[in-house]
Amino acid sequence: MRHIQTIETRDLCESAKKGGCGECQTSCQSACKTSCGIANQQCENTETASAEK
Amino acid sequence: MIHQYQLGGYHIVLDVCSGAVHVVDEIAYDLIALYEKMPREDAERKIYEKHGGKPGVTREEIAECYDDITALKDAGKLFSPDTFEPMAGTLKAKTAGVVKALCLHVAHTCNLNCSYCFASQGKYHGDRAVMSFEVGKQALDFLVANSGSRRNLEVDFFGGEPLMNFGVVKELVAYARSIEKEKNKNFRFTLTTNGMLIDDDVIDFANRECSNVVLSLDGRREIHDRFRVDYAGNGSWEKIVPNFQKLVKARGGKNYYMRGTFTHANPDFLEDIKVMLGLGFRELSMEPVVCAEGDPSALTEDDLPVVERQYEQLAGLMIAERKAGRPFTFYHYMIDLTGGPCIYKRISGCGSGTEYMAVTPWGDLYPCHQFVGEEKFRLGDIWHGVENPAVQADFAACNVYAREECRECWARLYCSGGCAANAYHATGSVRGVYAPGCRLFRKRMECAIMAEIAKTIPPDSEG
């Protein structure tokens, strides 16, 4: 019996090795303007993000 | 740290620090909850006592499940420790002095008189004013000069109502386009509008030049017209909806957000979402009102459970509409589990006051649009740059580890420490915590992750 299914996610620990380019969008600019959240933002450094996978 | 919750028929386990998401059956769900609290034999015995009578649940099966949990822990996908704190200032230190986004307050005036407006009808507690081309041009030059090697620059035309100064908006975009190649920059413009002045010229401009438009609509006509009225008290719904429909239709797939505000008058905001969908809008955002405590439109403690339930039902509606071939997006449920922000971004906090600033019509700089009018937060101006380093330092120090409450919060790497303005208005400190906002944020993240899971694992096939 399979008890656990793991969804594919970006490994945050791995992202510590190559991330931090700073090209990503500022947190609430261009959208909600009244709350902070970064979960819905895209990584702009696609080269690094894909290299981690 | 892990976070466990049940929603939409799923048992979900989040491993906070690795970002791993697991969908489990109830045996694994209960076993994970006990895993770090007691020895293996005790945990397995408790699980057998609870689930032993169910089909296929044997002691061997439970032991195998325990081994699976251990394997995930060893692989860094369960109970992973938070080792990120030393990096909290890294991104901001690396990009210190770099500005990459400006909110241009091109009009501190508005043609609507919404009583719930955080900007006090566009005036930000000051006098009515519009930005001149010269001030706007200097703001763009300031941005280019301070953007370092950052190529993508974001500029939001904001107000008040920016279309009350549309001529300057167009001139500024033309100016930006004329210098971006030479400066090796790419401007991304956003227009936030109440829709009253949208015409064919605006539609053509917005769809050609703006990577995003934010359109203010609160949903149901009676809800919208309760607050969003002109100076004669007339509701604006009837005038703006056809304008928005025309603009969106002409947009040809480019980004937009139909952005509503919900208040104490409509904690059942899902009804407003449904109205937006019925009007043909598919990219939606709905935000809790930001106003002073005691304001009649402010959400109350009693509203919060209602709002939380609405968020859950919204996630269900999103899954159902997706299945029916009518997908829509909700800003707070857009979550990219495989390609989202790196850990540096997730812990570095909101960029207000450092990489992001607001510019008043007369060229003053503030940490963000929500601080405009709060004189003690004035950072400087677009001619001299930041002249108040103490205020900027306060904002630069905002990160996930700057607030004790965040250290214990499972959602911290999805929110990056929260909104400094909300924190300030709730507690008097930009490093405070706006607890009701946190509560709703956590609920939104639970819903967003659940809706994302449903893309991979249909709701009726769990485990």
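Q: Which residue in E3(B) is the bridge partner of Thr6(A)?

A: His22(B) is the bridge partner of Thr6(A) in E3(B). Strands (E, at least two residues) and helices (H or I, at least four) are DSSP runs, numbered from the N terminus. The model is predicted: local features need pLDDT of at least 70, side-chain atom pairs count only at pLDDT 80 or more, and totals for chains, interfaces and linings use all residues. Residues are numbered from 1 along each chain as its sequence is written, while chains are lettered from A and ligands numbered from 1 in the order in which they are written.

Q: In which sense do strand E1 of chain A and strand E3 of chain B pair?

A: Two strands pair if DSSP finds at least two bridges between them. Here E1 (residues 4-7) of chain A and E3 (residues 21-24) of chain B pair in the antiparallel sense, over 4 bridges.

Q: How many residues does the contact take from each chain?

A: Residues are in contact if their C-beta atoms, placed from the backbone, lie within 7 Å. Chain B gives 75 residues and chain A gives 39. On the side of chain B, the largest share, 6 residues, comes from helix H17 (residues 435-456).

Q: At what angle do the axes of H11(B) and H17(B) cross?

A: Two packed helices are described by the angle between their axes and the distance between the axes. Axes are lines fitted to C-alpha atoms over the stretch in contact, and angles run from 0 to 180 degrees between N-to-C directions. H11 (residues 303-323) of chain B and H17(B) cross at roughly 20 degrees, with axes that come within 9 Å. That makes H11(B) roughly parallel (under 35 degrees) to H17(B).

Definitions and conventions: Contact = placed C-beta atoms within 7 Å. Parallel < 35°, antiparallel > 145°, perpendicular 65-115°, else oblique.
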